[in-house]
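Work through these exercises on pockets. Keep the sequence and the model open side by side.

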Amino acid sequence: MDLQSIELVNIKPEELDSLLAIGWFRIQQTIFTTDLLYFNDDAYSAVWLRIRLKDFQPGKKYNELRKKNSRFKTEIRKAIITTEDEALYARYKGEVLFECASSLQWLLYGNSTRDVYNTYMINMYDGNKIVGIGFFDLGNNSAACISSVYDPAYKKFSPGKYMIYEKMFYCKNANLKYFYPGYFVPGYPLFDYKLEIGKGAIEYFNIHTKKWIPLQQEK
């Protein structure tokens, strides 16, 4: 399947639910799907994931992560990008080894002047200093995880993973059914962390049967 995308004028919550359920995902103010990705000119499979929130339970790894991050405060609210957020993103972008969007504004909106998604964000603070931010879109019964970034000086705390868990707890407490973390890529370990978050409640989308199938990961 070649990449397919739709330019959006608006999208209703139930429409987002339906598109996520057939393997589509947000990019800027469009929505797209594909089953192939290219890294360094090599082709890889994109395997779309979702987590059944009613079955999601925190395990030992989350408890260790929560203990490590107990010094930080988090808050979740409607997404508004500030200059402080952009400065944090610039620090993050300067340290990671993969290609990133030029700014948060570009990541979420591209050239668009409108926001068709119901986007929320998590802010993570060390005292009054913001050290992590993440974004997710809310539908009617599901949510899509868009991005999580952090101050590189706090990398040892694994704030990216911690914020994803906090997003999931927020959505579970809001009685949403599904949380979509995007795709993982067999043979390309950059995305393997998604297989540990929500382990035991993860499903993958079979592009041939168009059904979601439980993903059993070997330890």
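**Exercise 1.** Which helices and strands each supply at least two residues of the lining of the largest pocket?

*Solution.* The model is predicted. Start with the strands: β2 (25-27), β4 (36-39), β10 (142-150) and β11 (178-184) each give at least two residues. Then take the helices: α3 (83-93), α4 (104-109) and α5 (159-173) also meet that mark. Now look for the top contributor. β10 gives the most, with six residues.

**Exercise 2.** Describe the largest pocket by volume, centre and residue class.

*Solution.* First, the volume: about 1700 Å³. Next, the lining, which is made up of 44 residues. Nearest the centre lie F98, E99, I146, S147 and F191. Last, sort the lining by class. It has 30 nonpolar residues, seven polar and seven charged.

**Exercise 3.** Locate the second largest pocket and find which element gives the largest share of its lining.

*Solution.* The volume of the second largest pocket is about 430 Å³. Its lining holds 19 residues, and K60, K61, Y62, Y165 and E196 are the closest to its centre. Now assign elements. α2 (60-68) and α5 each supply at least two lining residues. The largest share, six residues, comes from α2.

**Exercise 4.** How many nonpolar, polar and charged residues are in the lining of the second largest pocket?

*Solution.* Count class by class. Seven are nonpolar, four are polar and eight are charged.

Notes:
Residues numbered from 1 in each chain as written. Predicted model: local features only at pLDDT ≥ 70, side-chain atom pairs only at ≥ 80, totals over all residues. Heavy atoms only, no water. 1 Å grid on protein atoms, 1.4 Å probe; cavity = no way out; pocket = protein on both sides within 12 Å on 5 of 7 lines; lining within 4 Å. Points joined across faces, edges and corners; volume = space filled by probe spheres on them. Helix = DSSP H or I, 4+ residues; strand = E, 2+ residues; numbered from the N terminus. Nonpolar A, V, L, I, M, F, W, Y, C, P; charged D, E, K, R; others polar.
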